[in-house]
Amino acid sequence: MSSAARFSELKVVRWHERINAHLSGDNIGPIRVNIDLTNLCNHKCFFCEPVAFREETIRDKQHTLETEKAIELLYHLQKMGTNTIGFSGGGEPLIHHDFGLIATCANKLGFKTYLVTNGSFLRRWMHVMPLMTNVRVSLDASNPEEHAKMHGGKDFDQIIESLRELSGKTELGISYILSEHNSSPESLLWIQKFAKEIGAFIQFKPLTEDKPSEVGGWFPRNEESHLTEKRRTDVLYQREFSQCYAGLSTCVVSANGDVTVCCDRRDLAYGNIYQESFAEIWAKRRDTLSKVSPKLCQRCLMCDFNKSVQDNVVDDKAKTWLV
């Protein structure tokens, strides 16, 4: 899949009927669920966004989802018709002691699965990686010095070798947050050359709204690279949708068991899988979603999804284009 297709807003069209069912009030399962297996992490990224939430769960010893509960959740989601499971964070999902068992179960149940990882434990679970539909590594650096500044780690070379070993075994992606530490022309040329070498797509994401906004004008592009727009654009121009459609059809299950609207609104939980079944929790999500005003959310990683649903499902612009 090319970068243009991978990040196209038209991807939601394939879920047209299912999203309409959610909008109509049908009690069907989510299309995709992100499962935070643990909030523990071995890196110390200065830009880590859920750090306060992570520290709270670590302090309360609610930082890791129990293996039995994770597998039980997967069976419930399969019965509800969920298509895709994401293992992300939270923290670093590959720290979970039973990641291999959980990932294997998800594969046997027929889910598409994707993993978002810092890459430091890829070698430990290399035998499981071919079961993943997609593995995306948050690399954010082109050399050990940049990696130390971005992630506070000393394992850049190990991660690079793991990525080379994984090449060709599953779809690979690299996430690259642009900051003053890693956005020189030499750095961007190196990371794109490396991505091409291992057959990976790469997504560049500006860290701030001020800098490096100009990078998009000069960094070398190819069909497997994508530059995400600045968050200011998301806030001011992309929230022309009437509700949080993402919350109707996707959710996050946090490492402490909370089922939340998204990774940004962990304060809005539908319920907790240690106290109720996922189906019971999912059935009452609309009451919580009524409290979400998209224009008032400080940050929205699902802006593109919501805007696309508004345009291509609710307003049905895609149908107009096809006529």
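This is a predicted model: local features need pLDDT of at least 70, side-chain atom pairs count only at pLDDT 80 or more; totals for chains, interfaces and linings use all residues.
Local features were considered at pLDDT of at least 70 and side-chain atom pairs only at pLDDT 80 or more, whereas totals for chains, interfaces and linings use all residues. Residues are numbered from 1 along each chain as its sequence is written, and side-chain values use heavy atoms, with hydrogens and water left out.

When neighbours within four places in sequence are left aside, Met129 is in contact (heavy atoms within 4.5 Å) with Leu94, Phe99, Leu115, Leu122, Val135, Leu166 and Thr170. In soluble globular proteins, nonpolar side chains tend to be buried together.

Phe99 also belongs to helix α5 (residues 99-108), where the buried residues are Phe99, Gly100, Ile102, Ala103, Cys105 and Ala106. Helices (H or I, at least four residues) and strands (E, at least two) are DSSP runs numbered from the N terminus. The buried residues of α5 pack against α4, β2 (84-88) and β3 (112-117). Gly110, which follows α5, has a positive phi near 90°.

Eight salt bridges are present in the structure, each defined as a side-chain nitrogen of Lys or Arg within 4 Å of a carboxyl oxygen of Asp or Glu. One of them joins Glu72 and Lys69, with an N to O distance of 3.2 Å. Because these residues are three apart in helix α4 (residues 67-79), about one helical turn separates them. Lys69 is buried at 15% relative accessibility, while Glu72 is partly exposed at 35%.

A salt bridge also links Arg164 and Glu197 (2.7 Å, N to O). Arg164 lies in helix α7 (residues 156-166) and Glu197 in helix α8 (residues 185-198), so this pair ties together parts 33 residues apart in sequence. Both are partly exposed, Arg164 with a relative accessible area of 34% and Glu197 with 48%. In a further salt bridge, the closest N and O atoms of Lys284 and Glu276 are 3.0 Å apart. Lys284 is partly exposed at 33%, as is Glu276 at 25%. Shared partners join the salt bridges of Glu161, Arg164 and Glu197 into one network.

The axes of α7 and α8 (lines fitted to C-alpha atoms over the stretch in contact, with angles from 0 to 180 degrees between N-to-C directions) come within 9 Å and cross at roughly 35°. Phe156, Ile160, Leu163 and Arg164 of α7 make this contact with Trp190, Phe194, Glu197 and Ile198 of α8. By class, the contact has six nonpolar, no polar and two charged residues; Ala, Val, Leu, Ile, Met, Phe, Trp, Tyr, Cys and Pro count as nonpolar, Asp, Glu, Lys and Arg as charged, and the others, Gly among them, as polar.

For helix α2 (residues 16-24) and helix α13 (residues 303-314), the axes come within 11 Å and cross at roughly 95°. This makes α2 roughly perpendicular to α13, a term applied to angles of 65 to 115 degrees. His16, Ile19, Asn20 and Leu23 in α2 meet Phe305, Val309, Asn312, Val313 and Val314 in α13. The contact of α2 with α13 has six nonpolar, three polar and no charged residues.

Note on methods. Buried means under 20% relative accessible area, exposed over 50%, partly exposed in between (1.4 Å probe, protein chains only). Angles under 35 degrees count as roughly parallel, over 145 as roughly antiparallel, 65 to 115 as roughly perpendicular and the rest as oblique.
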